[in-house]
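Dear colleague,

I am handing over a structure for you to look through, and my notes on it follow below. Please keep it open while you read.

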Amino acid sequence: MRTYHCFWLLFWAGQPHQSFLTPLSKRTSGFPEKEKVLVLSGNSRRDLHRSKRSWMWNQFFLLEEYTGTDYQYVGKLHSDQDKGDGSLKYILSGDGAGDLFIINENTGDIQATKRLDREEKPVYILRAQAINRRTGRPVEPESEFIIKIHDINDNEPMFTKDVYNASIPEMSDVGTFVVQVTATDADDPTYGNSAKVVYSILQGQPYFSVESETGIIKTALLNMDRENREQYQVVIQAKDMGGQMGGLSGTTTVNITLTDVNDNPPRFPQSTYQFRAPESTPPDSPVGRIKANDADVDENAEIEYSITEGDGYDMFGITTDKDTQEGIITVKKALDFETKSLYILKVEATNTHVDPRFLYLGPFKDSATVRIQVEDVDEPPVFSRPAYIMEVKEDVPINSVIGTVTAQDPDAAKNPVKYSVDRHTDMDRVFNINSGNGSIFTSKPLDRETLLWHNITVIAAEINNPKQSSRVPVFIKVLDVNDNAPEFAMFYETFVCENAKAEQLIQTLSAVDKDDSYSGHQFSFSLAPEAASSSNFTLQDNRDNTAGIFTRKTRYNRHEMSTYFLPVVISDNDYPIQSSTETVTIRVCACDHRGKMLSCNAEALVHPTGLSTGALIAILLCIIILLVTVVLFAALRRQRKKEPLIISKEDIRDNIVSYNDEGGGEEDTQAFDIGTLRNPEAIDDNKLRRDIVPETLFMPRRTATARDNTDVRDFINQRLKENDTDPTAPPYDSLATYAYEGNGSVAESLSSLESVTTDGDQDYDYLSDWGPRFKKLADMYGAMDSDKDS
């Protein structure tokens, strides 16, 4: 027979106790008043049934934020198998079991060891079970229950932002939306009023208000003006518990800025402005600045300036400086103190962006009067024209006046003016000008064909103040006169065939003229009188500025006459008539039966100098032969064999041999060993001559070394004798230099350079003991000593 046992779960929720071992009979009941018991009993499975209850046994409540010193009691676990003998052991598992929640394994009491925060975790799910201590087997099935944390008002409302920033246009209506603030409460919104938030305004009245439930901030005052106050700081409070006493609260700051609208017209700070401008002020130059003040900012303060009326409407202009919003008055035309010295203008300043909502405040523009005083300055002379154009014929005589320029001083003083030509524009000094009256005249002949236009510059300067000067361009056109005769348009090289027929056209001529012709050139052609009757050719004028050359006879012979010269007279029809005589060269050539040229006189055609091809070839051959001869002669001289001076034993004393070879002197170290002459003791027996290569090498004879203190004459005689008997010695007309100084002198050095370094005066009396050769020195230095003594 199977036996079923009953497992009771008893939980007690109430106030904390002094000790978790306190008997149940001493506990103070919170909610609920009676125990919560689950009874599982019966003798068989068929007897098991669940009775209807009005509460859920497996859901229990525990207050958060427990502040007691002892553990907080949660409930008690009990099994009907527990006889009180300690044979059963209670086990707890699930969320926080063993750490946050502990169970007395003997009594089944469950306690919370830490403060619980519903905002961190609102529900804990645990499982309870009773097991036999001896066998370790469960005596009851595992049961699951829930501990739900009850909320208390321990969180104040928190705004989503610490600081809010908002802006609205100035002059807004009452109730205009500004911004909405939002605060949240972490408490349980389903339990009491802990999370019910109400908004209120702490700072910012009477300008703004806030809706208590939505947190919407609105304007509360009419016509708030940005120009009076631009920034507002509003403090909003959010309080839970529906705003009741004891509720928690939080605050936030809202910075509200009033944005600008165009509600202020521009205003000039003064009604009249005065400026001064020198009459020399160039156009587009600024005269002065004016500014109208506008309390608005940005585009609402943009101003457009204009000149509405005044006697200087066309003389001055005004523009707006976009950076400073100032009106810049500028000169439009050149000023003249003598013409007008005072201008009065009316300037208007207008807003460019006008808001129609504020037109009732008045016109958004203002006007002011501007007086401009023109100051007199010393101005340079002014020419009567900006430029002068003059014409002159090219045949005018020198010093002819071609025109006049005029300039005056515009100042009231009317200072006299002098004129001059800028020579940088007339480098050839073709023109000159009268400095007093400005008349321009020629100083050199003109030629239109060389230069048609002359562009010069005339300077007018005040006599009293030459720095005040002005310039004007003068364009002088040279007019044409018929001073050039017509001439051939090109060089004509005409050919006539030997078999030409009479009256055959062999050449067409045309002419040009450097002169201009207003009605067109008309040229006439004719043969010169000396060739008109005796010529072998005729000339026909075509009356269209061309002419044709025709043959007069039937045949020509180039061997009899190879070239004909035909003088042609060309005349124009202008006044005065100009004519010239041009010569046409006609060459006779051999042609085929169709008149095609085969060959002409080659000597005449190819070589105008008259030299034939054969003659040129002969001249070229002669030049080549001459060059070859010169080259061979030079090569033979280079390779000519040099022979020794003595080529035979015959007496050659009566012969005169000229070598034209000048010795190199001491610097010629290739021919002689100068060191040997300077130091006879260092003779090298093996050195040979280096100027020639003898056929037979003569062994040089060893010469005796000069003895010490050998006389110079004996030394030279010895060397001369050796050279006379030496067949390898230099030529007889060579100059041998012997620079033998000797071994020294008992007089030592005669230099006076070292005498300067001596400390005392020297005694030169010893010079008298050296003999007559040193008498002059003794007299000179002895006289110096006598002068010092005196």
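Strand S37 (residues 505-512) pairs with S40 in the antiparallel sense over five bridges, where strands are DSSP runs of E with at least two residues, helices are runs of H or I with at least four, both numbered from the N terminus, and two strands pair if DSSP finds at least two bridges between them. Within this pairing, Gln507 stands opposite Ile549 of S40.

Please note that this is a predicted model, in which local features need pLDDT of at least 70 and side-chain atom pairs count only at pLDDT 80 or more, while totals for chains, interfaces and linings use all residues. Residues are numbered from 1 along each chain as its sequence is written, and side-chain values use heavy atoms, with hydrogens and water left out.

S40 is also joined by five bridges to strand S39 (residues 537-541), and these two run antiparallel, with Asp541 having Ala547 in S40 as its bridge partner. Four residues lie between the strands in the hairpin of S39 and S40, where Arg543 takes a positive phi near 65°.

How many residues of S40 (residues 546-551) are buried? Six of its six residues are buried, meaning under 20% relative accessible area, with exposed being over 50% and partly exposed in between (1.4 Å probe, protein chains only). Thr546, Gly548 and Phe550 point one way from the strand, whereas Ala547, Ile549 and Thr551 point the other way.

Elsewhere, Leu621 lies in helix H3 (residues 613-638), and Leu621 counts as partly exposed because its relative accessibility is 49%.

Best wishes
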